[in-house]
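Welcome! Let us take a short walk through this structure, one neighbourhood at a time.

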Amino acid sequence: MNLPSPQIFMLPAGINVKKINDILKDENITLAGNTCEPEEGTILDNFDAAVYNSGALLIQAESGLIRVCWSGDLTVQAAPESEWRFARDLPQGPVRDLLLNLSALRAFMPAGQVTIIRDTLSVLDDEQKTCCRVESITLSRGKKVWSWLMTRPMRGYSDSHALICGVLEKMEKAGLPADVLKLRISDYTSKPDIHLSENAPARTTLCTIVQSFLQVTRRNEPGLIDDIDTEFLHQWRVSLRKVRSVLTLFKGVVATETLDQLKQDFRDIMQDTNMMRDRDVYLLSRDDYFALVPPHAHPGLELLFELLQQDRDEAFGKVTAMLTSKAYKKQIKSIQKLFENPQDLPKGPKADAPSKVFAADLVLKRYKKVCKLAGTITEKTPDETIHELRIQCKKLRYLIESAQPLFDDKQVKSLLKTLKGLQDHLGSFNDQSVQQATLAQCLDRYPGTGPNAKALAESIGALTAMLYRKQLEERRMIIENLSQLYNPETQGAFKALFDLKRIAANPNPETGEQDKNQVDSYGDKNL
Amino acid sequence: MKLIACYSNKGGVGKTAASVNLAYASALSGNRTLLCDLDPQGASGFYFRVKPSEKLKSNTFFEDTKKFAEAIRESDFHNLDLLPANMSFRDFDIFLSRMKKSRSRLNKALKPVDGEYDIVILDCPPNISLLSENIFKVADRIMVPVIPTTLSQRTLEQLYAFFKKQGYKSSKIFPFFSMVQQSKSLHLEIMAEIRAGHEQVMNTWIPFSTHIERMGVHRAPALSYAGKEEAVAAYAQLWQEIQV
């Protein structure tokens, strides 16, 4: 088909139809807009600006819920009639599908008010026949205007399309909407860019890493207190866990006494959040749980979820009380202060080791440890060992992630991806085990008689049986995928990144074959 | 891809109005539709404001199938494209007569757009020529507008006779009454007579209407600006009946 591709233009000062027609006056075509009423709209995004960072804007106006991808396309669905915060709350539609894919767990919040004009302009020939359409969105805030145009070429009218594109191209002045409209788009990320230098002392590197993660922790506090979505607590906890891990994993960098005190501090801070996170995970998977058990167990499951919700509300009360307490603020600030200046952090024997060599050595040692443990696992291995493997693998991942800025980013990402499959199974295996334990606790904590107690017990029984079955399946998958850890490719990747001595001796290994032979020793399960 | 021809061997019977509105109704009901303006007078294109293609003034038009696909123009209406009339169609009959096995030419020409369209509607020239015969052969249905007058009745019988003589399938012929004036008793009598003689006459008929006549002023299918008028809505109903 002889159809050119649609073109996109961004204009800094709105669409001046008269000016465009002046340029087109000798071409036998004119551009015609419609008299579109401006309407008020709200830019929506979530805490990590998932929509904006994907190159798009989400705008809610009376006429529709609109997603403009400035290098891609325009997606519109009818404006939801009721209040919504999560993509899942929206009525079925193409924007809902996109948002679910992008950010299923985070709440969408206002990021700015705009005036919006939506129009479809037509390029007409001298017979008033439409030869091309131009979809447009014009957003304005005060005197700031940002227009987005996308041509819709029509079959058989390539010439007219080329003409209008030529004009628009000359008028274009690309600028991203947040800059042009001065929108307040959140700059939060759970994975901050950390700049480390290879030869800096390990203590300096550790401080930089810890400071970055603690900033993530602190930024999640307001949203967690306001209970905006479950990700605030999750990322608050993950960042603290990363801090705790990196402190422990960077063995010998911090003085033992300081380390022990910090570990105790983190335990105290996080203790109250365990119950809340556990119940959040349950409540988020509500639909999945209902799908797991037969319909006759649903009334009992309703009861169970009411109880879990009560637990969650109670736990949330405790967590907010803790986070808003003077004690917490004082404690977390003093921890932050401890890492502000590396010189002030009481040092251990390895504090001055050059960072890259130090980190590489740690990763290799831990990798060997993981391989050794993985090598002992068979069909008959008790569940405890599988849990141990999960913990070791997680430590290995945290270590690699923390030290990532010191190594080749692409190679590290690819290595982490290789390990992801097995780690996902290990994670699910653990989740199902934790969930079964929670169910058992529920049964113990809510004793009673009568029809409700019976229904509850039945649903817990049905759910436990299903979870156990799923856990067995995960266990099988873990054993099946164990080789991902120690196969020659993974070993080769670890060596290529972290075996610095060997890299220095042989910077450009000619073939992978040679590489494989050299790392064969890792294949020996008796490592 | 279904090929529906709008054909009459008599001019001025509302053939182009029917082609244009049936194509519009087809597109509106979700079919990707191509309307081919094979009538050298080019009225279908006029109603859609599409100019005859400058590029295609060549006798080798149907030979060059790529050119055929390139000549297609998108109309202002969703799902509806148009192959505008080309002045060389006038010479098309002569061109076809020179060619051997010419009867398969039209089919060949339509090959490159097969798959792009669900429905192709052919607005045919009002004569019996080699092009028309080509159409009789390849079309899935031939919709024949008939004004209920004695002269039109005679022309319809001639068409049936021609089909019989040439061995074409007369089961493809679906006459429908056009420009009907219910106030004229002769119209009603002839409609009854034709229905009695032929099984495949469509139930829906198109009344005479100024709204349809005004298509030349609006330069758009009557269904797009006067779809609620009874006479105009009859086209949509006719399309529903064709689809069954």
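This is a predicted model: local features need pLDDT of at least 70, side-chain atom pairs count only at pLDDT 80 or more; totals for chains, interfaces and linings use all residues.

Strand β7 of chain A, residues 109-124, is joined to β8(A) by 10 bridges, and the two run antiparallel. To find your place along this pair, look for Thr115(A), which stands opposite Ser140(A) of β8(A). The hairpin of β7(A) and β8(A) has five residues between the strands, and there Gln128(A) takes a positive phi near 65°.

Strand β9 of chain A, residues 144-153, is another antiparallel partner, with 10 bridges to β8(A). Here Ser136(A) has Leu149(A) in β9(A) as its bridge partner. In the hairpin of β8(A) and β9(A), two residues lie between the strands, and Gly142(A) takes a positive phi near 60°.

Let us turn from strands to helices. In chain A, helix α8 (residues 256-271) packs with helix α12 (residues 326-338) at an angle of about 145°, and their axes are 12 Å apart. Which residues make the contact? From α8(A) come Leu262(A), Asp265(A) and Ile269(A), while α12(A) brings Tyr328(A), Gln331(A) and Ile335(A). Sorted by class, four residues of this contact are nonpolar, one is polar and one is charged. As for handedness, α8(A) passes α12(A) in a left-handed crossing.

Conventions:
Residues are numbered from 1 along each chain as its sequence is written. Chains are lettered from A and ligands numbered from 1 in the order in which they are written. Axes are lines fitted to C-alpha atoms, for helices over the stretch in contact, and angles run from 0 to 180 degrees between N-to-C directions. Helices (H or I, at least four residues) and strands (E, at least two) are DSSP runs, numbered from the N terminus. A crossing is left-handed if the near helix is turned anticlockwise from the far one by less than a right angle, and right-handed if clockwise. Two residues are in contact if their C-beta atoms, placed from the backbone, lie within 7 Å. Ala, Val, Leu, Ile, Met, Phe, Trp, Tyr, Cys and Pro count as nonpolar, Asp, Glu, Lys and Arg as charged, and the others, Gly among them, as polar. Two strands pair if DSSP finds at least two bridges between them.
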